Amino acid sequence: MQLSTHFSLAEATASAKAREIGNANQPTPAHLVNLRATAAHMEVVRRILGGRPIRVTSWYRNPRVNHAVGGVPSSHHALGLAVDFRVDG
């Protein structure tokens, strides 16, 4: 499922820790709304960066995954509102 033109749900929920603990890292319906809004903001970031591809390193973490990585319960990653990323160049 695409969250926006350049960002997918699979990309937003990809997590080595989730795979390690056997968790699908699926968002709640409310968190899916947040992921779509965050993806729209990330499209703006992409434009600001001249359209260069963005490589997401961490985005959504459901409560179990967030706990497993040592995240605080109030983490914006656990809400779908934070993205860690890299851009080449």
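Me: Contact means heavy atoms within 4.5 Å. Which residues does Ser58 touch, not counting residues up to four places away in sequence?
Reply: Ser58 touches His77, Ala82, Val83 and Asp84. This is a predicted model, in which local features need pLDDT of at least 70 and side-chain atom pairs count only at pLDDT 80 or more, while totals for chains, interfaces and linings use all residues. Residues are numbered from 1 along each chain as its sequence is written, and side-chain values use heavy atoms, with hydrogens and water left out.

Me: Where is Ser58 found?
Reply: Ser58 belongs to strand β1. Strands (E, at least two residues) and helices (H or I, at least four) are DSSP runs, numbered from the N terminus.

Me: Does Ser58 count as buried or exposed?
Reply: Ser58 counts as buried because its relative accessibility is 14%. Buried means under 20% relative accessible area, exposed over 50%, and partly exposed in between, with a 1.4 Å probe and protein chains only.

Me: With which side chain does the side chain of Ser58 make a polar contact?
Reply: With the side chain of Arg61, at 3.2 Å. A polar contact is a pair of N or O atoms within 3.5 Å; within protein, one must be able to donate a hydrogen and the other to accept it, and residues adjacent in sequence count only if both atoms are side-chain atoms.

Me: Changing topic to helix α3: how many residues has it, and what does it reach from its first C-alpha to its last?
Reply: Helix α3 (residues 29-48) has 20 residues and reaches 29 Å, close to the 28 Å expected at 1.5 Å a residue. The expected span is 1.5 Å times one less than the number of residues.

Me: Which residues of α3 are buried?
Reply: They are His31, Leu32, Leu35, Thr38, Ala39, Met42, Glu43 and Arg46. These residues cover an arc of only 165° around the axis, so they lie on the same side of α3. The arc is that of the directions from the helix axis to the C-beta atoms.

Me: What do the buried residues of α3 pack against, and which residues are exposed on the other side?
Reply: The buried residues pack against α1 (9-13) and β2 (84-86). Val33, His41, Arg47 and Ile48 are exposed on the other side of α3.

Me: What is Phe7 in contact with, leaving aside its neighbours within four places in sequence?
Reply: Phe7 is in contact with Gln2, Ala39, Met42, Glu43, Ile54, Val56 and Trp59. Both Phe7 and Trp59 are buried.

Me: How many aromatic pairs does a search of the whole structure find?
Reply: The search finds one aromatic pair. The rings of Phe7 and Trp59 have centres 5.9 Å apart and planes at 75°, so this pair is edge-to-face. Rings of Phe, Tyr and Trp (its six-membered ring) pair if their centres lie within 6.5 Å; planes under 30 degrees apart count as stacked, over 60 as edge-to-face and the rest as tilted.

Me: Which parts of the chain does the pair link?
Reply: Phe7 is in the segment before α1 and Trp59 is in the loop between β1 (55-58) and α4 (63-68), 52 residues apart.
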